[in-house]
Amino acid sequence: DPGAHVPVLVVGTGYGGSVAALRLAQAGVDVHMVEMGMAWDTPGPDGKIFANTTSPDHRSYWLRTRTKQPLSNFLGFPLDKNVPRYTGILDAEEMGGIIVYQGRGVGGGSLVNGGMAVTPKRENFGAVLPSVDADEMYSVYYPRANTALGVGTVDPAWFETADCYQYARVGRKHAQRSGFPFVFVPDVYDWDYMKQEAAGTVTRSALAGEILYGNNHGKKSLQQTYLARARATGRVTVSPLHKVTSVAPASGGGYTVVVEQLDTGGNAVAVKTVTADRVFFAAGSVGTSKLLVKLKATGALPGLNGEVGRGWGDNGNVMCGRANHLWDPTGSLQSSIPCSGIDNWAAGGAFAEVAPLPTGIETYASFYLSITKNPHRARFTWNAAAGRVDLDWQTAWKQPSIDMARTIFDKINAKEGTIYRTDLFGIYKIWGDHLTYHPLGGAVLNRATDNYGRLHGHPGLYVIDGALIPGNTSVNPFVTITALAERNIEAIIAADL
Ligand code: FAD
């Protein structure tokens, strides 16, 4: 309600925000969550909540009139098409030199992601979060996060026989023949449900190619895990289609938060002001960074320090495809949920997930999303003339990622006598180097905040999402975002409340 006062307001409903809401509510604190995206709890005219990956519609994109598919082309044909402008689920946010894909809605990135739930190798953790006690993370907070997220691993015996993972078995064969370690990768997808999909006894989701625009079944998004438990406490309320535009100190203490209510065309239909004793920024790396940079530059939060906006990275994401021989088909039925990867982090700086290409036809293609040790970090700055926040990432900064990914795929191609696909990201373009799925940083732990996410300069303001992590996690990031949030909120509840 406009004019209301809340003890805690959480901006955003992704991993960081959901952890904060659950643990604060369990500690007896009333929490209000504000989410700019939709609730995603009501079926559309086709009876489904989410659109299929192969047939995007108005539900698929955040306020675009044309789709912006990560794989833009196939066999020379562009795949994008016009869609009605709508507050859809996937934001392809163009930030200068890079397109940053993000989930929009109650559940944040958990609505659109592949559910790959990877804990970094212990020996890599020091580079991921240098100021955090690794012993505590690996004994308490990573296990706590994995349990609460519902992480599991494919049944290895079923994997060997499942048609829908032929692409992953081909990926394994090629990796191993070139001497690379092949690993199973855990996921939050319900593996028993997937077995039933394969057996034909339940409605298909992963086996119907659902992923980028939401999964109608099988995937344990935050709606099924942290957020369900948070709501069950009776202390958490959520306002979808509400966007936070300002946070500033209130005269009587606490903070004045300005919130725009949006319609499904993205227009502000009301502006509301509430006060909150404490505000948790959980709008995602880009969302939190953009808010803080703007609020510092425009004088709303003058006490924020010069680290705000710095230390942003793309987790070294780069994509590529390989063209296999006709005797190496990858299968016309492919589970949209990846379950495996190739680990060349120690030797070459790349961890590649063996990704699906769920087109419904045999493509003879192997497809990979590599996470690499890219050293480049970008900065968000306030562009006063344009009234927006810019990011100074440059497309050429992907070159180290390409070089690292090539430590795997050049070798595999040489061994197998195969070549890269050149038709997936344009005409004669090998590398998907224009995007990231894994934005990280912008309000880095122990720099823009203290070692637990308390923002310097303004007591009662916290960052608790991917903005805390300085640009790279060496693997897919959401388990680390969740575990770090679990660690930080425990300390904050103990000391501040
Ligand atoms: P988010 O989950 O991004 O949540 C932030 C929320 O805040 C969003 O819902 C947003 O709409 C909302 N918001 C933003 N600004 C405002 C505002 N001003 N007011 C109100 N609300 C606001 N990671 C993995 O670990 N494994 C994977 O398999 C994987 N696959 C991915 C696939 C895709 C296609 C994408 C896009 C991402 C994938 N990721 C994956 C990345 C993962 O989803 C993100 O790292 C994670 O969601 C980030 O969590 P977060 O809490 O920082 O923020």
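## Around the ligand

The shell around the ligand counts 39 residues, and Gly12, Gly14, Gly108, Gly109 and Gly284 come nearest. H8 supplies the largest share, four residues.

This is a predicted model. By class, the shell has 16 nonpolar residues, 19 polar residues and four charged residues.

Two packed helices are described by the angle between their axes and the distance between the axes. Here H1 spans residues 15–26 and H11 spans residues 478–496. Their axes come within 9 Å and cross at roughly 35°. The crossing is right-handed.

Which residues of H1 meet H11? They are Tyr15, Gly16, Val19, Ala20, Arg23 and Leu24. On the H11 side stand Phe478, Ile481, Thr482, Ala485, Glu486, Ile489, Glu490 and Ile493. This contact is made up of nine nonpolar, two polar and three charged residues.

## A six-stranded sheet

An open sheet holds six strands in the order E7-E13-E14-E15-E12-E18. The pairing is antiparallel. Strand E7 (182–184) and strand E18 (419–420) stand at the edges. Each has a single partner strand, so one side of each is left without a neighbour in the sheet.

How many bridges join E12 and E18? Strand E12 (residues 318–323) pairs with E18 over two bridges, in the antiparallel sense. Within this pair, Arg322 has Tyr420 of E18 as its bridge partner. Helix H10 (residues 399–416) packs on the sheet. H10 touches E12, E18, strand E13 (340–344), strand E14 (350–355) and strand E15 (365–372). The direction of H10 makes about 15° with that of E12.

## Annotated domains

Two domain annotations come from an unreviewed UniProt entry.

The annotation "Glucose-methanol-choline oxidoreductase N-terminal" covers residues 95–293. That span is 32% helix and 22% strand. The end C-alpha atoms of residues 95–293 lie 15 Å apart.

Note on methods: Residues numbered from 1 in each chain as written. Predicted model: local features only at pLDDT ≥ 70, side-chain atom pairs only at ≥ 80, totals over all residues. Axes fitted to C-alpha atoms, helices over the stretch in contact; angles between N-to-C directions. Left-handed = near helix turned anticlockwise from the far one by under 90°. Contact = placed C-beta atoms within 7 Å. Nonpolar A, V, L, I, M, F, W, Y, C, P; charged D, E, K, R; others polar. UniProt positions renumbered as here; feature names shortened; annotations may be inferred. Pairing = 2+ DSSP bridges. Near = placed C-beta within 6 Å.
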